[in-house]
Amino acid sequence: MALAASIESSGKVVIRRVGLMLSGDIDQPILDADTVVVEDGLIRAVGAEKDCDTAGAHRVIDCRGTAIAPGLIDSHTHPVFGDWTPRQSQLGWIDACMHGGVTTMISAGEVHLPGRPKDILGVKALAITAQRAFDGMRAAGVGGGVKVLAGAPVVEKGMVEQDFAEMASAGVRLLGEIGLGSVKAGNEAAVMVAWARKHGIQSTIHTGGPSIPGSGLIDEHVVLEADADVIGHVNGGHTSLSYRSVCMLCERSTRALEIVHNGNERIAILTARHAVELKCPHRVILGTDAPAGSGVQPLGILRLIALIASMAEIPAEIVFGFATGNTARMRSLSQGLIEVGRPADLVFLDKAQHSAGRDLLNSVQLGDIPGVGMVMIDGIVRCQRSRNTPPASEVPIIIEGSTLRG
Ligand SMILES: [Zn+2]
């Protein structure tokens with residue numbers, strides 16, 4: 001199914017005087033470049049300004065020495081419909097997260113919908129409707145233009161392979177968290193994960209204690225047997241398995257290790273460190289698991305980056321990669337890396353005013369969250385100085401094409 005095209009087109013945009021370019025790729029986290037050229041929403045060139053074709057831009061963004069990174073990807077969210085969540089009766093939460101640098105959100109199931117259907121036809125209908133609605137919402141620029149990849153059905157007992165084939169042909173690409181429905185046994189989950197994978201649908205499993213009354217424990221044995229693509233909230237959502245059990249998941253599986261903000265922070269730190277020690281840092285991806293009982297945290301991904309960089313003592317530029325390029329690769333997304341041909345989804349950052357850090361990366365290493373100075377999605381500026389982060393020390397400025405020609 002073709003994605004709905006964005007209504008606006010960015011035209012040619014030149015981003016210059018970038019002081020620090022974070023690639024999103026943890027193998028080469030910092031690029032030796034000061035300029036990005038965007039055409040019609042895609043990155044066309046990355047390099048030194050003198051080597052880039054910057055002529056004819058209808059908009060120039062002067063970064064004034066600040067940093068850019070790929071837009072942050074929240075690997076674990078629970079959207080319902082529109083920019084509204086019934087979990088804490090809140091409007092505008094997706095737009096608020098965009099002000100926290102998030103440009104893509106992945107649904108782990110539209111489970112907070114009041115009266116969510118649990119019969120198989122209803123499960124499929126909701127998934128298809130949610131996929132369509134969020135795709136259309138992005139095209140209309142609602143929710144800050146954030147790319148909400150939704151339509152993530154929670155599997156129920158009795159589903160057969162044909163159900164997965166039907167959903168896949170209708171555009172469903174994700175499963176909601178396995179374990180939030182009636183399928184909770186490892187052997188039952190494994191069959192459905194395999195059907196989903198065969199039909200191009202990615203799967204995520206709930207890990208740890210029950211999240212809300214009615215959900216159950218999913219322990220390490222169930223997670224390993226189910227073999228879903230993403231070990232969802234490996235640090236619990238909110239209640240974590242023991243560190244010993246989480247180590248078993250790191251060591252015996254090769255699937256994505258998803259660390260969330262609304263989980264156990266101690267296990268988040270220990271898991272990130274263990275993944276580095278095991279030489280599998282590429283598996284670490286970040287999410288919020290919001291909206292949740294703890295609320296909606298528009299700065300959740302930035303807070304998680306600062307937490308892991310400072311407390312697990314992992315270089316900040318690598319941890320930015322956990323929230324961008326790693327997720328892109330583990331989930332086969334086109335966005336999440338600063339690379340020619342990728343969508344121009346970018347967050348513009350600087351150290352927060354009066355941070356004790358020397359610069360952006362050092363401030364994050366010290367545990368401070370950075371200031372967002374601008375967010376761009378598909379080459380279109382969605383916000384300038386964030387209303388939610390502490391103020392960035394310096395922010396980029398926009399120079400419009402008419403000024404350029406004049
Ligand atoms: Zn969960």
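This is a predicted model: local features need pLDDT of at least 70, side-chain atom pairs count only at pLDDT 80 or more; totals for chains, interfaces and linings use all residues.
Colleague: What share of the contacts with a separation of 6 or more joins residues 24 or more positions apart?

Modeller: Residues are numbered from 1 along each chain as its sequence is written. Two residues are in contact if their C-beta atoms, placed from the backbone, lie within 7 Å. For contacts in the chain with a separation of 6 or more, residues 24 or more positions apart account for 74%.

Colleague: How much of the chain is buried?

Modeller: A residue is buried if 20 or more other C-beta atoms, placed from the backbone, lie within 10 Å of its own. Of the 406 residues in the chain, the buried ones make up 56%.

Colleague: Which residues belong to domain 2?

Modeller: Domain bounds come from an automatic or database domain assignment. Here domain 1 is made of 12-69 + 345-405, and domain 2 covers 72-298.

Colleague: How many residues of domain 2 do residues of domain 1 contact?

Modeller: From domain 1, 13 residues take part. On the domain 2 side, the number in contact with them is 13.

Colleague: Which elements give two or more residues to the side of domain 1 that touches domain 2?

Modeller: Strands here are DSSP runs (E, at least two residues), numbered from the N terminus. The elements giving two or more residues to that side of domain 1 are β18 (371-377) and β19 (380-383).

Methods
Helices (H or I, at least four residues) and strands (E, at least two) are DSSP runs, numbered from the N terminus. A residue is buried if 20 or more other C-beta atoms lie within 10 Å of its own, exposed if 12 or fewer, and partly exposed in between; C-beta atoms are placed from the backbone.
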